[in-house]
Amino acid sequence: MRQAEEKETKGLMERGADGIRGLAASYAVTFKHLFRRPITESYPEYKRSLPARSRARIILTRDPDGDERCVACYLCSGVCPVSCISMESAEREDGRRYAAWFRINFARCIFCGLCEEACPTLAIQLTPDFEICEPNLLDMVREKADLLVDHCGKNDAYDFYRHAGVSEKGDKGGHIGEAPPVNLKSNMP
Ligand code: SF4
Ligand code: SF4
């Protein structure tokens, strides 16, 4: 009987000591932060620079020759999970395609980056600029003139047309080191 009482008293003392240790540790953390300088960033006066791969405002870039990279292939609008990209394709006299108009509804965009992944010409790119909100939702719909920039964006050396050619009509642009086309009819009996 006496042994049981002693065991219970010992357990109570251990639990009490645990409680005091826990309380002391939490007060220590409180005091440590009480005398620290607060880490408050005053936005928009102070703007933290974001990593280059941050995904926000979308732009349409140009190739190193200054031409529009977009060939209006519709891959970006096809892959977009919220269907916020639309465009109409057109063709220049030399056969080079471009977007007659190109529209992105930023009110729907979820900045997933899939359009950038899908684009074969590196035309569409996401940038770290996140300050694109407007009080009026309709102002979040951006046209080609708002999206097209006068630089190459992330990859300033890539030129789709140096690899893929301009048109299949007439002179086909050759891939670097590409063998001349085979005349299939020459194999016929
Ligand atoms: S980032 Fe995503 S949601 Fe936004 S336009 Fe591109 S594919 Fe669509
Ligand atoms: S931005 Fe890229 S993926 Fe979209 S239509 Fe233009 S070339 Fe195709």
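The following questions and answers concern a predicted model.

Residues are numbered from 1 along each chain as its sequence is written, and chains are lettered from A and ligands numbered from 1 in the order in which they are written. In this predicted model, local features need pLDDT of at least 70 and side-chain atom pairs count only at pLDDT 80 or more, while totals for chains, interfaces and linings use all residues.

Q: What distance separates the centres of domain 1 and domain 2?
A: The protein is divided into domain 1 (8-39) and domain 2 (58-164), with bounds that come from an automatic or database domain assignment. Taken over C-alpha atoms, the separation of the two centres is 57 Å.

Q: In what order do the three strands of the open sheet stand?
A: Strands here are DSSP runs of E with at least two residues, helices are runs of H or I with at least four residues, and both are numbered from the N terminus. Two strands pair if DSSP finds at least two bridges between them. Strand E2 (residues 85-91) is joined to strand E3 (residues 97-105) by seven bridges in the antiparallel sense, and E3 pairs with strand E5 (residues 141-142) over two bridges, also antiparallel. The order in the open sheet is E2-E3-E5.

Q: Why is one side of E2 and of E5 left without a neighbour in the sheet?
A: The open sheet has three strands in antiparallel pairing. E2 and E5 each have one side without a neighbour because each stands at an edge, with a single partner strand.

Q: Which residue of E3 stands opposite Ser89?
A: The pairing of E2 with E3 is antiparallel. Within it, Ala90 stands opposite Tyr98. The residue opposite Ser89 is Ala99.

Q: Which residues of the largest nonpolar core touch the most other members?
A: A nonpolar core is a set of buried Ala, Val, Leu, Ile, Met, Phe, Trp, Tyr and Cys residues joined through C-beta atoms within 7 Å. A residue is buried if 20 or more other C-beta atoms lie within 10 Å of its own, exposed if 12 or fewer, and partly exposed in between, with C-beta atoms placed from the backbone. In this core of 20 residues, those touching the most other members are Leu60, Cys70 and Ile124. The elements that give two or more residues to the core are strand E1 (58-60), E3 and strand E4 (124-126).

Q: Is Gln125 buried or exposed?
A: Gln125 is found in strand E4. Its contacts (C-beta atoms, placed from the backbone, within 7 Å) include Ile59, Thr61 and Glu116, not counting residues up to four places away in sequence. Because Gln125 has 21 C-beta neighbours inside 10 Å, it counts as buried.

Q: How far apart in space are Met188 and Ile39, C-alpha to C-alpha?
A: Met188 is found in the segment after helix H5 (160-164). With 6 C-beta neighbours inside 10 Å, Met188 counts as exposed. Met188 and Ile39 are 149 residues apart in sequence, and their distance in space is 78 Å.

Q: Which residues come nearest to ligand 1?
A: A residue is near a molecule if its C-beta atom, placed from the backbone, lies within 6 Å of it. Ala, Val, Leu, Ile, Met, Phe, Trp, Tyr, Cys and Pro count as nonpolar, Asp, Glu, Lys and Arg as charged, and the others, Gly among them, as polar. The shell around ligand 1 has 12 nonpolar, one polar and no charged residues. Of the 13 residues in total, the nearest are Cys80, Cys109, Cys112, Leu114 and Cys115.

Q: How many nonpolar residues does the shell around ligand 2 have?
A: The residues around ligand 2 include Cys70, Cys73, Cys76 and Cys119. One residue of this shell is polar and no residue is charged, and the number of nonpolar residues is 11.

Q: What is the omega of the cis peptide bond that joins Tyr43 and Pro44?
A: Most peptide bonds are trans. Pro44 is found in the loop between helix H1 (2-34) and E1. For the cis bond joining Tyr43 and Pro44, omega is about 15°.

Q: What is the phi of Leu122?
A: Leu122 lies in the loop between H3 and E4. With 19 other C-beta atoms within 10 Å, Leu122 is partly exposed. Its phi, a positive value in a residue other than glycine, is near 65°.

Technical notes. Contact = placed C-beta atoms within 7 Å.
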